[in-house]
Amino acid sequence: MISDKKNVQVLVQQCIAKGLKEIVISPGSRNAPLILSFSKIPEIKCYTIVDERSAGFFALGMAQQLKRPVGVICTSGSAALNYAPAVVEAFYQEIPLVVITADRPEEWVGQADGQTLNQKGIYHNYIKYEANLPVNLVHYDDFWYAKRIISEAFIKATNGVAGPVHINLPLREPLYNKEEIKLRNQPSINLMEPGRQMSKEQQALLIDKWNSTKSVMIICGVNSFDQNFNGILNQLSNLSNTIILTESTSNVFGEKIIGCIDRQLAYIKEENVSEYAPELIISFGGQIVSKQIKKFLRVNGSHEHWHISLNDNIIDTFQSLSMHIKIHPFDFFNQLVDKLTGNDSCYQKLWMDNKKNARLKHTEYLQNVEWSDIKVMSHIFSHLPPNGQLHLANSTPVRYAQLFQDEITVTSYSNRGTSGIDGSLSTAVGASVVTDDSTILVTGDLSFFYDSNGLWNKYLKSDFKIVLINNSGGGIFRFIPGPAETEEVEEFFEAKHNLSAEFIAKAFNLHYISCSSQEELNIGYDELLKNNTRAGILEIFTPNEVNGVLLRNYFEYLKS
C-alpha cells in the first residue's frame with residue numbers, strides 16, 4: 001500500500017531500480033505521498049530529520065562515507081530552500097545527493113497559496129540535473145517521460161564527476177490516499193562508460209617533462225583515502241626530483257609525504273625561497289585549505305602547472321595553469337608511475353630536511369606554550385583513537401589540524417567545498433550513522449551553536465564524540481589579517497559571547513564534560529573517549545584574548 005499518485009509510484013520504482021538505499025525525510029504535508037510510499041519500501045531505509053538544513057548535511061555525510069547516492073525528501077516552499085547550503089557543498093565536494101522536493105501544482109505558483117514558491121530551477125547553479133515530473137501521468141508517453149528523466153537524474157548524479165541532482169514533484173490534494181500496487185524492478189536507463197587510457201604519445205610527453213624537471217611538486221587537495229592510490233603516491237615520493245604536499249583532508253599517508261604545509265613554509269628563510277619553488281606543479285583533489293601555499297606559488301611563478309581532474313571546470317588556483325588533464329587522478333599516476341626515473345636532484349632532500357627541522361621548532365614551541373587553542377589542539381590531535389574518523393569544522397579547527405597533520409593517522413573530513421560553518425555537526429552525525437568507525441568532531445563554538453540542530457535526531461551513536469573549543473567567539477578573526485586590528489572585532493566579526501553547551505547537551509541527552517586547564521583536559525578527554533554508553537561533548541574553554549597572539553608567535557618562532 002503506497003500513495004495513489006502515479007508520479008510518486010514511478011519515482012519509487014525507479015529509485016529501487018537505480019539502487020537507492022537510504023533516504024532522509026523531513027516531516028511535512030505536501031510530501032505526504034512520498035513519506036507514505038518510501039517508508040513502506042523494505043529496499044530503502046528511511047531516516048527522519050526535522051530541520052531541512054540539518055537533514056541536507058546529514059544526508060551529505062552519509063553519501064560522503066557510502067560513496068553512493070543518498071536521497072533527501074522535503075515538503076514544498078521554504079523547506080526546499082533550506083537544502084541549499086548542503087546542495088552547494090555537495091556540488092563542490094562532488095557528492096551524489098538526490099534532492100526530492102514536493103511541490104504545489106504549477107497553476108498555484110504566485111497565487112498567494114501557502115508554502116508555494118517557484119521551485120523550478122531553485123538550485124540551478126549547483127546541481128548536475130533537474131527533473132520536473134508531471135502532475136498527472138495518464139498517457140503512455142507521460143510514464144515513459146517520467147521514467148526517463150528520473151533515470152537521467154541518477155546517471156548525472158554519479159557519472160564522471162559526481163554531484164547533486166534535483167527531482168521536483170508537483171502534488172495535488174488529496175495527499176493521503178493509498179492503493180496497493182505490485183512493485184516491479186522496472187527497467188531503467190543505465191550508462192556504460194569505457195575507462196580512460198592515455199595514449200602512448202600523451203604518456204611520453206608527460207614522462208619526458210617530469211623526468212627532465214629538477215623540481216616537481218604534487219599538491220593534494222581534499223581527497224578520500226584509497227589504499228591503492230596511497231601506495232602509488234608513496235612510490236612517487238621516492239623520486240629525488242619530486243615532493244608531495246598534503247593536508248589533513250588529503251588523506252594521504254607515508255614516510256616521505258610532506259604535510260603541515262604552513263609549518264614548512266614558515267620555516268623557509270626568505271633568501272632561500274627560490275630553491276623551494278617548483279618548476280612543475282601537479283595538483284589534484286578538492287579545495288586546498290592553506291592560503292600560504294597558494295600565495296607562495298602565485299608569487300614564486302615561472303612554473304608549469306598540470307591539474308588532474310574529470311571536472312570540466314578549468315581550475316587555475318596558482319595562476320600558472322598550463323595543462324588541464326581530464327582523467328581520474330588514480331589513472332593518471334598509475335599509468336606513469338613505473339616509467340618515471342626522476343632527475344638526480346636534491347629537491348626532495350631539501351624539503352625533507354625542512355620537514356625535519358620545522359618539526360623540531362614546532363615541538364620546542366609547544367613544550368612551553370601556555371593554555372590556549374594551540375595547546376589544546378596539540379593534545380587532541382596527538383591522542384586520537386586509532387580506529388576512528390575525524391571531522392573538522394570550519395574554520396579554525398581545520399586550519400589548526402594542518403599544523404598537527406603528522407600526528408593525525410586517521411581519515412579526516414571537512415566541508416571544504418564552500419568552507420561554511422553551517423553544517424559541520426550535521427555532516428559528522430550523518431557520516432557516523434553509516435560507518436562502524438568511531439567519530440570525533442572537533443569544532444569551534446560558533447560552528448557548533450550554529451548547527452546545534454544537528455543533534456536533534458535519534459541516530460546519535462555512543463561512539464560519536466564532540467570536542468568543542470569554546471573561545472567565546474569566532475577565534476579565526478583574532479589571527480587573520482584585517483579583523484583583529486579593528487575596533488569592531490569583538491561584536492561584529494568575533495561575535496563574542498558567554499554561552500556554554502552544557503544545557504544543549506542535556507536537552508539532547510549527551511554526556512557532558514567541561515575543562516579549563518591542561519590537567520582537566522587530560523582527565524576529561526580520556527573520560528569522553530572511554531564512555532561507551534552514549535554520545536558525548538567535551539567543552540574546552542580557552543582564553544580568546546591570547547589565542548591569536550600565541551598562534552602568531554608560533555609562526556614567528558618557526559622563522560627565527
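The structure is a predicted model, in which local features need pLDDT of at least 70 and side-chain atom pairs count only at pLDDT 80 or more, while totals for chains, interfaces and linings use all residues. Residues are numbered from 1 along each chain as its sequence is written, and side-chain values use heavy atoms, with hydrogens and water left out.

Let us start with the whole molecule. The secondary structure comprises 21 helices and 19 strands, taken as DSSP runs numbered from the N terminus (helices are H or I, at least four residues; strands are E, at least two). The C-alpha trace spans about 75 × 65 × 45 Å along its principal axes. Of the 560 residues, 56% are buried, where buried means under 20% relative accessible area, exposed over 50%, and partly exposed in between (1.4 Å probe, protein chains only). The protein exposes about 23700 Å², with 50% supplied by carbon and sulfur atoms; these areas come from the Shrake-Rupley method with a 1.4 Å probe. Among contacts (heavy atoms within 4.5 Å) with a separation of 6 or more, 77% join residues 24 or more positions apart.

Next come the nonpolar cores, defined as sets of buried Ala, Val, Leu, Ile, Met, Phe, Trp, Tyr and Cys residues joined through side-chain atoms within 4.5 Å. The largest has 41 residues, and V24, F58, Y83, L425, F448 and I466 touch the most other members. Helix α3 (residues 52–66) contributes the largest share of this core, six residues. Beyond its neighbours within four places in sequence, V24 contacts Y47, I49, A55, F58, A59, M62, G71, V72, I73 and Y83. Another core, of 36 residues, lies apart from the largest one and includes A266, I374, A401 and L528.

Finally, a closer look at T242, which is found in strand β10 (residues 242–245). T242 counts as buried because its relative accessibility is 0%. The side chain of T242 makes polar contacts with the side chains of W210 (3.0 Å) and N241 (2.9 Å). A polar contact here is a pair of N or O atoms within 3.5 Å; within protein, one must be able to donate a hydrogen and the other to accept it, and residues adjacent in sequence count only if both atoms are side-chain atoms. Leaving aside neighbours within four places in sequence, T242 is in contact with W210, V216, I218, L236, S237 and Q348.
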